[in-house]
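Biologist: Hi! Could you walk me through this structure?
Modeller: Happy to, let's have it up on the screen.

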Amino acid sequence: MVKLHGLRVYVWSALDVDSGEILAIYASWSRNILITMKFIKMVLDRCYNKPLIIVDRGPWYRWALDRLGLEYRYQRFGLRNIFERFFGYLEQRTRGFYNNINSWRIQSIEDYAKTIAIIRNITITIKTKECIT
């Protein structure tokens, strides 16, 4: 959660657990079942098959994932640490703005998070190539 002109905005992200690459970023004013379904459908457009989805215990996930017929698992630690590191980095970067992006457009925080994700993905790619050579 970050603030956009003083109002809470929730940032959603999907990561490929194998590569650590960020697949999708989405920002919304709230967290509920409809927004969850919209985000999951956006993520599925980037997937070749139906992946196993790892979520926290947010009540909005269960119904949406069951409705879409997707396999999911709850997890607090382990693979979820990849997500938490990304959000920690996003929070660290927005701290420079006192966690308050001064704009009325939700697209502003989404663009900001996507920019951070692109830089992170490039960094992961470079580090992976360095390890291979």
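Modeller: One term before we start: contact means heavy atoms within 4.5 Å. This is a predicted model, where local features need pLDDT of at least 70 and side-chain atom pairs count only at pLDDT 80 or more, while totals for chains, interfaces and linings use all residues. Residues are numbered from 1 along each chain as its sequence is written, and side-chain values use heavy atoms, with hydrogens and water left out.

Biologist: Thanks! How many helices and strands does the protein have?
Modeller: There are four helices and six strands. Helices (H or I, at least four residues) and strands (E, at least two) are DSSP runs, numbered from the N terminus. The order from the N terminus is β-β-β-α-β-α-β-α-β-α.

Biologist: And what percentage of the 133 residues is buried?
Modeller: Buried residues make up 36% of them. Buried means under 20% relative accessible area, exposed means over 50%, and partly exposed is in between, using a 1.4 Å probe and protein chains only.

Biologist: Let's look at α1. Which of its residues are buried?
Modeller: In α1, the buried ones are I35, T36, M37, F39, I40 and V43. Their cover includes β2, β3, β4 (53–55) and α2 (59–67).

Biologist: Why is β3 described as largely enclosed?
Modeller: Because six of the seven residues of β3 (residues 22–28) are buried, the strand is largely enclosed by the rest of the structure.

Biologist: How many bridges join β2 to β3?
Modeller: Six bridges join β2 (residues 7–15) to β3, and the two run antiparallel. Strands pair if DSSP finds at least two bridges between them. One of the links is Y10, whose bridge partner in β3 is S28. The hairpin of β2 and β3 has six residues between the strands, and G20 takes a positive phi near 80° there.

Biologist: Changing topic, what does Y72 touch?
Modeller: Y72 lies in strand β5 (residues 72–74). Beyond neighbours within four places in sequence, Y72 is in contact with L52, I53, V55, R62, L65 and D66. The C-alpha atoms of Y72 and L52 are separated by 5.4 Å, with the two residues 20 apart along the chain. At 22% relative accessibility, Y72 is partly exposed.

Biologist: Which residue forms a salt bridge with K114?
Modeller: That is E110, with the closest N and O atoms 3.3 Å apart. A salt bridge here is a side-chain nitrogen of Lys or Arg within 4 Å of a carboxyl oxygen of Asp or Glu, and by this rule the count comes to one. K114 and E110 both lie in helix α4, four residues apart, about one turn of the helix. An α-helix has 3.6 residues a turn, so residues three or four places apart point the same way.

Biologist: Is E110 buried or exposed?
Modeller: E110 is buried, with a relative accessible area of 8%, whereas K114 is partly exposed at 32%.

Biologist: Last one: where is I126?
Modeller: I126 is found in helix α4 (residues 106–132) and is partly exposed, at 45% relative accessibility.
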